[in-house]
Structure formats: C-alpha cells, structure tokens
Amino acid sequence: MRLDIISIFPEYFAPLGVSLIGKARERGTLDVRVHQLRDWAHDVHKTVDDTPYGGGPGMVMKPEVWGEAIDDVIGDGGPRMIVPTPSGRPFTQELAQELAGEEWLLFACGRYEGIDSRVMAEYGSRLRVDEVSIGDYVLAGGEVAVLVMVEAIGRLLPGVLGNVRSAVDDSFAPGAMRNLLEGPVYTKPPVWRGHEVPDVLLSGHHGKVARWRRDQALRRTVATRPELLAEIDAETLDKHDRRL
Ligand code: SAM
C-alpha cells in the first residue's frame with residue numbers, strides 16, 4: 001500500500017519508522033512518503049495560510065498551495081484522499097478495515113482553521129475524498145489524527161501483525177466482536193500480588209474459555225459503552241451465543 005502525507009510538519013511522522021509500521025515499511029508492505037506542503041509555496045516566507053473570508057479569528061490554508069502540492073504528488077494517479085477534520089465522518093474500525101483494502105491513500109493535514117473547502121470540492125470531482133474525524137475533540141493539526149489512522153489501517157494489512165487472530169479478537173473487529181469491547185486479558189504468573197487469574201482460563205477447555213471471554217466482552221461493553229450494545233440486533237447476539 002502506498003501512503004502519501006502532506007503536512008507543514010513532516011517531522012511529526014518520525015514514529016512511522018518504528019514498531020509494526022516501521023517493520024512493514026522495511027518489508028515493503030507499506031510505502032510511506034511524507035511531503036512538506038511549504039515546498040509548493042512561492043513567496044519568501046513560504047506562506048500557506050491567509051485570513052478567512054467573512055472575518056473571524058484564525059487563518060485558513062490557501063487552496064493554491066494545496067492544489068499544486070496534490071497535483072504533483074498524485075500525477076495522473078487516483079489515490080483515495082483522506083482529510084482529517086473534527087467535522088468529518090467518524091473514524092471507526094470498520095472504516096480502518098475499508099481503507100486497508102485501498103492501494104493508495106493520500107492524507108492532507110490541515111492546520112489553523114483548516115483547509116479552504118474548495119480543495120475538497122476540486123478533488124472530490126476526481127478522487128474519492130473523505131473528511132474524517134478521530135473523535136469529538138479538537139487537535140491543533142491533522143498530523144496526530146493521521147498517525148492514529150495510519151497505525152489502525154497499517155496493522156490490518158496482510159503480514160503486519162505477527163498473529164492474524166489478534167485483529168479478529170480485537171474490540172470492534174468485524175464479526176463476533178463488532179460493537180463489543182474486548183474483556184480483560186492475563187499472562188503468567190497465575191497469581192500476582194494476591195490477584196489470581198480466573199480459573200476458567202487455566203482449565204484448557206476451549207468452549208468454556210470462549211464463553212467466558214464473550215461474557216466478559218458483554219459485561220465490559222455494558223459497563224463502559226452501553227450505547228454500542230444498543231446497535232447490535234438481538235438476533236445476531238443470540239445466534240453467536242447459541243454457538244458457544
Ligand atoms: N476550526 C476547526 C473546527 O472547529 O472544525 C478546527 C481546526 S483544528 C484547530 C486544525 C486541524 O486539526 C484540522 O484542520 C484538522 O486537520 C485537525 N483536527 C483537529 N481535530 C481533529 C479531529 N478530531 N479529527 C481529525 N482531525 C482533527
């Protein structure tokens with residue numbers, strides 16, 4: 001998968017050189033190219049922003065510089081373009097899964113009050129453009145949002161996780177864990193500072209372990225994110241639970 005990222009702070013993306021994503025890049029599973037937006041600004045100050053039409057505080061990123069940058073980066077190609085913004089559609093595990101199926105993604109990192117809307121209109125007529133929010137809060141820029149998305153997408157690519165089952169059992173994973181949070185996990189020793197690992201996990205009985213994990217996932221979801229459960233239809237829950 002090819003990933004292009006355009007930002008005025010390319011140094012934010014140093015963490016994409018370490019851990020799972022770093023290894024995926026070394027193996028060639030991921031081709032990450034980070035671009036400095038200011039390279040497409042023409043004045044001596046390398047200006048990328050201007051005052052907003054209609055007045056108000058803050059600055060808006062200029063369309064001309066974004067247009068030149070995107071045209072050069074994509075050439076005749078057609079990546080799917082992702083624009084992080086608090087006013088976008090929510091970034092979910094389902095969307096991460098969908099984006100992991102793309103061959104080429106282009107991320108446009110906004111700063112200040114965001115990017116002039118005509119940039120999204122222009123490329124929306126040629127590419128698939130999604131404005132995406134990573135949560136109901138406001139960051140200073142799109143860089144951290146892109147790091148979040150790249151990590152969530154990258155770990156779903158074939159061969160990136162050591163064990164593919166890890167992604168299947170995750171919270172929110174499609175299938176049995178959809179709209180459920182993963183329950184508690186334990187490793188050795190069986191007793192630590194008086195805290196014991198639940199007996200069922202030491203039983204070696206796969207059916208009972210699966211039932212227990214399912215119950216814990218339901219309990220945790222009810223306790224912390226009850227609204228997620230409301231979105232699962234009762235029949236899907238029953239069908240899965242009858243199999244356990
Ligand atoms: N004035 C904008 C608003 O209220 O929607 C916020 C602009 S924010 C200070 C600057 C940039 O940070 C945005 O253009 C976007 O790239 C990024 N950003 C901030 N919060 C975000 C979020 N929750 N999800 C994705 N990107 C975000």
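Which residues does Met 120 touch, not counting residues up to four places away in sequence? In this predicted model, Met 120 touches Val 83, Val 129 and Glu 131 once those sequence neighbours are set aside. The protein chain has 244 residues, of which 25% count as buried, and its secondary structure comes to ten helices and nine strands.

**Overall layout**
- The protein chain is divided into domain 1, covering residues 2-154, and domain 2, covering residues 165-243, and the centres of domain 1 and domain 2, taken over C-alpha atoms, are separated by 35 Å.
- The C-alpha trace of the protein chain spans about 70 × 40 × 40 Å along its principal axes.
- When contacts in the protein chain between residues at least 6 apart in sequence are considered, 74% of them join residues at least 24 apart.

**Shell around the ligand**
- There are 19 residues around the ligand, and those that come nearest are Pro 84, Gly 110, Gly 114, Gly 142 and Ala 145.
- Strand β5 (80-90) and helix α5 (142-154) each supply at least two residues of this shell, with β5 giving the most, namely four residues.

**Helix α2**
- Helix α2 runs over residues 63-74, and because its twelve residues should span 16 Å at 1.5 Å a residue, the 16 Å between its end C-alpha atoms agrees with that expectation.
- The buried residues in α2 include Val 65, Trp 66, Ala 69 and Ile 70; they cover an arc of only 125° around the axis, which means that they lie on the same side of α2.
- Asp 71 and Asp 72 are exposed, and they are carried by the face of α2 that is turned away from its buried side.
- The packing partners of the buried residues of α2 are β1 (2-7), β2 (31-36), β4 (60-61), β6 (104-108) and α4 (117-124).
- Just after α2, Gly 75 takes a positive phi of about 55°.

**Met 120 in helix α4**
- Met 120 is found in helix α4, and it counts as buried because it has 20 C-beta neighbours inside 10 Å, where 20 or more are required.
- Glu 131, one of the residues that Met 120 touches, is eleven residues away from Met 120 along the chain, and the C-alpha atoms of Met 120 and Glu 131 are separated by 8.5 Å.

**Backbone details to inspect**
- Most residues other than glycine have a negative phi, and most peptide bonds are trans.
- The peptide bond from Lys 188 to Pro 189 is cis, with omega near 5°, and Pro 189 lies in the loop between α6 (165-169) and β8 (191-192).
- Phe 172 also lies in the loop between α6 and β8; its phi is near 70°, a positive value in a residue other than glycine, and Phe 172 counts as partly exposed because it has 16 C-beta neighbours inside 10 Å.
- Arg 193 has its place in the loop between β8 and β9 (195-196), and its phi is near 50°, again a positive value in a residue other than glycine.
- With 4 other C-beta atoms within 10 Å, Arg 193 is exposed.

Note on methods:
Residues numbered from 1 in each chain as written. Predicted model: local features only at pLDDT ≥ 70, side-chain atom pairs only at ≥ 80, totals over all residues. Near = placed C-beta within 6 Å. Domains from an automatic or database assignment. Expected span 1.5 Å × (residues − 1). Buried ≥ 20, exposed ≤ 12 C-beta atoms within 10 Å, placed from the backbone. Arc of directions from axis to C-beta. Contact = placed C-beta atoms within 7 Å.
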